[in-house]
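The following exercises are to be worked with the sequence and the coordinates at hand. Each task is followed by a solution in steps.

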Amino acid sequence: MNSSVIRTKKAMKQALIRLLEEKEMRDITISEIGSRAEYSRAAFYAHYLPKRNCLKR
């Protein structure tokens, strides 16, 4: 992994953690994570699976 990938993933994880302090996982959107991390939804999907593939209903 290069340094830009590491920075992006770290920012996304931190954004998710901050959002989880405010609301439930099911209420958090990918757009919110990207916005908090100051990256696009496309950047999220470049590194992670869609939310629906990660959560059990």
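**Exercise 1: A charge and an aromatic cluster**

In this predicted model, the charged end of K9 lies over the ring of Y48, 5.6 Å from the ring centre.

Task: Determine which residues the ring pairs link into a cluster, and classify each pair.

Solution.
1. Rings pair if their centres lie within 6.5 Å; two aromatic pairs are counted by this rule.
2. The ring centres of F44 and Y45 are 5.5 Å apart and the planes stand at 90 degrees, so this pair is edge-to-face.
3. For F44 and Y48, the centres are 5.1 Å apart and the planes meet at 35 degrees, so the pair is tilted.
4. The ring pairs therefore link F44, Y45 and Y48 into a cluster.

**Exercise 2: Accessibility within the cluster**

Task: State whether F44 is buried or exposed, and assign Y45 and Y48 likewise.

Solution.
1. Buried means under 20% relative accessible area, and exposed means over 50%.
2. F44 has a relative accessible area of 9%, so F44 is buried.
3. Y45, at 35%, is partly exposed.
4. Y48, at 23%, is also partly exposed.

**Exercise 3: Packing of two helices**

Task: Describe how helix α1 (residues 3–20) packs with helix α2 (residues 30–37).

Solution.
1. The helices pack at an angle of about 115 degrees, and their axes are 8 Å apart.
2. This angle makes α1 roughly perpendicular to α2.
3. The crossing of α1 past α2 is right-handed.
4. Residues making the contact include A11, M12 and A15 of α1 and E32, I33 and G34 of α2.

Key. Residues are numbered from 1 along each chain as its sequence is written. This is a predicted model: local features need pLDDT of at least 70, side-chain atom pairs count only at pLDDT 80 or more; totals for chains, interfaces and linings use all residues. Side-chain values use heavy atoms; hydrogens and water are left out. Rings of Phe, Tyr and Trp (its six-membered ring) pair if their centres lie within 6.5 Å; planes under 30 degrees apart count as stacked, over 60 as edge-to-face and the rest as tilted. Buried means under 20% relative accessible area, exposed over 50%, partly exposed in between (1.4 Å probe, protein chains only). A charge sits over a ring if NZ of Lys or CZ of Arg is within 6 Å of the ring centre and within 35 degrees of the ring normal. Axes are lines fitted to C-alpha atoms, for helices over the stretch in contact, and angles run from 0 to 180 degrees between N-to-C directions. Helices (H or I, at least four residues) and strands (E, at least two) are DSSP runs, numbered from the N terminus. Angles under 35 degrees count as roughly parallel, over 145 as roughly antiparallel, 65 to 115 as roughly perpendicular and the rest as oblique. A crossing is left-handed if the near helix is turned anticlockwise from the far one by less than a right angle, and right-handed if clockwise. Contact means heavy atoms within 4.5 Å.
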